[in-house]
Amino acid sequence: MSVQERKERERASRERLIVATARELAEQQGWDAVTTRRLAERIEYSQPVLYSHFRGKREIIGAVALEGAAEMAAALRAATSAANGPRTRVTALARTYLDFAERNPAVYDAMFQLDGGLAFAAEDTPEPLKDAFAALLESLGEVAGDGVHPGLFTEVFWAALHGLATLTRAGRLPPAEAERRVELLVDRLAMF
């Protein structure tokens, strides 16, 4: 292995450590606790080393969001590939999405609530975000209905899931009715 390859591998390893540490700190104490100073202390590198990877917290949030989008896409595909039939796939997709949001609140915030400097629904949208949307579209597109654009239907269904995730987490919706909400969403919006 060349010196350059070793340096690149070490740099990538440091970057993964920074992102993992930011994510862990955010999940434990919230995003307000994630500062470059605290990250530098936790990973035992100087702040200049941290800034050589990320210009600041915004870029770190963006990196966490991209990692989360890739994880969400994989989880959605795993759940829907194990389901048999369109209704079962859409139900599995909805449950998996809501479960991901509940189990990973800081990552979910990085993806959809905080400014990570990432473009959505644009030409320069990063590939992990496009892939997460594609994972939704793969199952939802088949149930959009006649005359309904599959992408538009997917956006509306995603918005409903995001609303359920956000309102449930904020304590605005009673958790006891979570399964009935999923059933209602699937039955009425996807028209099964």
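Accessible areas are computed here by the Shrake-Rupley method with a 1.4 Å probe. By that method the protein exposes about 10700 Å², and 53% of this area is supplied by carbon and sulfur atoms. The model is a predicted one.

**The whole chain**

Nine helices and zero strands are present, so that the order of elements from the N terminus reads α-α-α-α-α-α-α-α-α, by the DSSP assignment of helices and strands. Along the principal axes, the C-alpha atoms fill a box of roughly 55 × 40 × 30 Å. The protein has 192 residues, of which 39% count as buried. Among contacts between residues at least 6 apart in sequence, 63% join residues at least 24 apart.

**The largest nonpolar core**

Next, select W31, Y97, F157 and L161 and show their side chains. Within the largest nonpolar core, which has 50 residues, these four touch the most other members. Two or more residues of this core come from each of α1 (3-29), α2 (36-43), α4 (57-81), α5 (86-103), α6 (105-112), α7 (127-140), α8 (150-169) and α9 (178-189). Which element gives the most to this core? It is α4, with nine residues.

Keep L161 selected and display its surroundings. Leaving out residues up to four places away in sequence, L161 touches L93, A94, Y97, L98 and L185.

**T91 in α5**

Move to T91, which lies in helix α5. Is T91 buried or exposed? Its relative accessibility is 8%, and T91 therefore counts as buried, the cut-off for buried being under 20%. Apart from neighbours within four places in sequence, T91 is in contact with V182 and V186.

**A26 in α1**

Select A26, found in helix α1. A26 has a relative accessible area of 4% and is therefore buried. Which residues does A26 touch, not counting residues up to four places away in sequence? They are W31, V34 and A106.

**The largest pocket**

Elements that give two or more residues to its lining are α5, α6, α8 and α9. If the lining of the largest pocket is coloured by residue class, eight residues are nonpolar, three polar and seven charged.

**The second largest pocket**

Now centre on F120, A121, L129, F133 and W158, the closest to the centre of the second largest pocket among the 17 residues that line it. About 280 Å³ of space lies in this pocket. Two or more lining residues come from each of α4, α6, α7 and α8, and α7 gives the most, with five. Coloured by class, the lining of the second largest pocket has 13 nonpolar, two polar and two charged residues.

The last stop concerns the backbone. Most residues other than glycine have a negative phi.

A121 is not a glycine, yet its phi is positive, at about 50°. Where does A121 lie? A121 is in the loop between α6 and α7. Its relative accessible area is 82%, and A121 is therefore exposed, the cut-off for exposed being over 50%.

Then select E44, which lies in the loop between α2 and α3 (47-53). E44 is likewise not a glycine and has a positive phi, of about 60°. With a relative accessible area of 72%, E44 is exposed.

Technical notes. Residues are numbered from 1 along each chain as its sequence is written. This is a predicted model: local features need pLDDT of at least 70, side-chain atom pairs count only at pLDDT 80 or more; totals for chains, interfaces and linings use all residues. Side-chain values use heavy atoms; hydrogens and water are left out. A nonpolar core is a set of buried Ala, Val, Leu, Ile, Met, Phe, Trp, Tyr and Cys residues joined through side-chain atoms within 4.5 Å. Buried means under 20% relative accessible area, exposed over 50%, partly exposed in between (1.4 Å probe, protein chains only). Helices (H or I, at least four residues) and strands (E, at least two) are DSSP runs, numbered from the N terminus. Contact means heavy atoms within 4.5 Å. Ala, Val, Leu, Ile, Met, Phe, Trp, Tyr, Cys and Pro count as nonpolar, Asp, Glu, Lys and Arg as charged, and the others, Gly among them, as polar. On a 1 Å grid over the protein atoms alone, a cavity is a set of points where a 1.4 Å probe fits but cannot get out, and a pocket is an open set with protein on both sides within 12 Å along at least five of seven lines; lining residues have an atom within 4 Å of a point. Grid points are joined across faces, edges and corners, and a volume is the space filled by probe spheres set on the points.
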